[in-house]
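Please look over the model shown here alongside these notes, which are meant for someone meeting it for the first time.

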Amino acid sequence: MVNEKIAVKDILIITIGCALYAFGLVYINIANELAEGGMTGISLLLRYWFHIDPALSTLLLNIPTILIGWKMLGNRSLIYTIYGTAMLSFFLYIWQRTSIVINLENDLFIAGILAGLCGGIGSGMIYRSGGTTGGSDIIARIFEKKKGISMGKTLLIFDIFILTLSLSYIDLPHMMYTLLASYVFSKIVDFMQDGSYAARGLLIISDKNEAIAENIMTEMERGVTFFKAEGAYSKEEKKVLYCVLGSHEIVVAKKIIHETDPKAFLSLLTVHEVLGEGFSFDTKPKQSFFTKKAKP
């Protein structure tokens with residue numbers, strides 16, 4: 001069963017993520033008249049239409065969605081979502097009453113990039129810690145469960161609708177830069193969700209697989225796993241080697257494999273996230289010329 005304990009680290013990261021997201025919304029989006037998608041986009045519409053403070057409208061708009069979707073969230077997710085929603089409203093209130101000037105010299109391209117970066121990094125931190133800021137993602141989950149419509153499609157339709165309404169207070173050029181911000185936002189969120197450690201997986205088929213495995217483990221101090229496989233044409237059973245390496249280690253691995261068996265078959269795989277010893281855990285330090293060896 002998944003651990004449902006509330007982690008102080010998660011709360012801290014969600015807080016920082018909300019602060020960054022709200023900062024970008026106030027000092028980049030609003031300051032440069034860029035729109036926004038989702039519930040935040042609705043709060044900006046209400047700001048321009050009825051002069052309602054986004055800090056208040058964001059909180060009020062998200063309360064119904066949280067109440068509707070609370071059964072779909074676990075205890076921890078529910079707490080994190082409520083906390084994230086409250087923190088987003090809190091920081092929107094604070095930043096709007098703090099005097100900070102970011103001079104972009106009316107460069108909307110830079111504004112779009114910065115808006116996407118602030119929103120993407122902030123939201124990525126929130127999502128990666130298991131939280132949300134409520135809003136459209138809860139609605140998307142409901143449609144996915146009840147109607148079988150994917151979350152991606154629901155969120156896209158929702159954002160298109162909100163951005164179309166936003167043309168009531170911004171012109172077409174500002175809308176295009178808003179779309180640029182949305183693109184950067186989505187890429188940053190995906191990057192943070194998939195994992196920031198760039199890694200590659202290696203699939204190796206060779207008649208000298210034992211030697212290749214030994215050389216990789218010895219020279220690179222990386223683990224290697226054997227899989228049993230059978231050739232569809234030859235019907236011969238062979239062992240397939242699988243190894244996960246950092247992107248910077250690929251060249252070294254290729255050299256080792258080629259020197260061991262020039263005829264080896266090698267396939268590179270994209271690895272989105274790596275958790276475990278050697279990547280997300282501390283590893284024992286490697287011996288070097290300046291490292292004293294432990295006495296037996």
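This is a predicted model: local features need pLDDT of at least 70, side-chain atom pairs count only at pLDDT 80 or more; totals for chains, interfaces and linings use all residues.

1. Residues are numbered from 1 along each chain as its sequence is written, and side-chain values use heavy atoms, with hydrogens and water left out.

2. Helix 3 (residues 54–69) and helix 4 (residues 75–96) have axes that come within 8 Å and cross at roughly 165°; helices are DSSP runs of H or I with at least four residues, and strands are runs of E with at least two, numbered from the N terminus. Axes are lines fitted to C-alpha atoms, for helices over the stretch in contact, with angles from 0 to 180 degrees between N-to-C directions. The crossing angle therefore makes helix 3 roughly antiparallel to helix 4 (over 145 degrees).

3. The contact (heavy atoms within 4.5 Å) involves residues including Leu59 and Ile66 of helix 3 and Leu78 and Tyr93 of helix 4.

4. Four strands form an open antiparallel sheet in the order 2-3-1-4, where pairing requires at least two DSSP bridges between two strands. Strand 2 (225–230) and strand 4 (265–271) are the edge strands, each pairing on one side only. Seven bridges join strand 1 (residues 199–205) to strand 4, and Ile205 has Phe265 of strand 4 as its bridge partner.

5. Helix 10 (residues 250–260) packs on the sheet, touching strand 1, strand 3 and strand 4, and its direction makes about 10° with that of strand 1.

Definitions and conventions
Angles under 35 degrees count as roughly parallel, over 145 as roughly antiparallel, 65 to 115 as roughly perpendicular and the rest as oblique.
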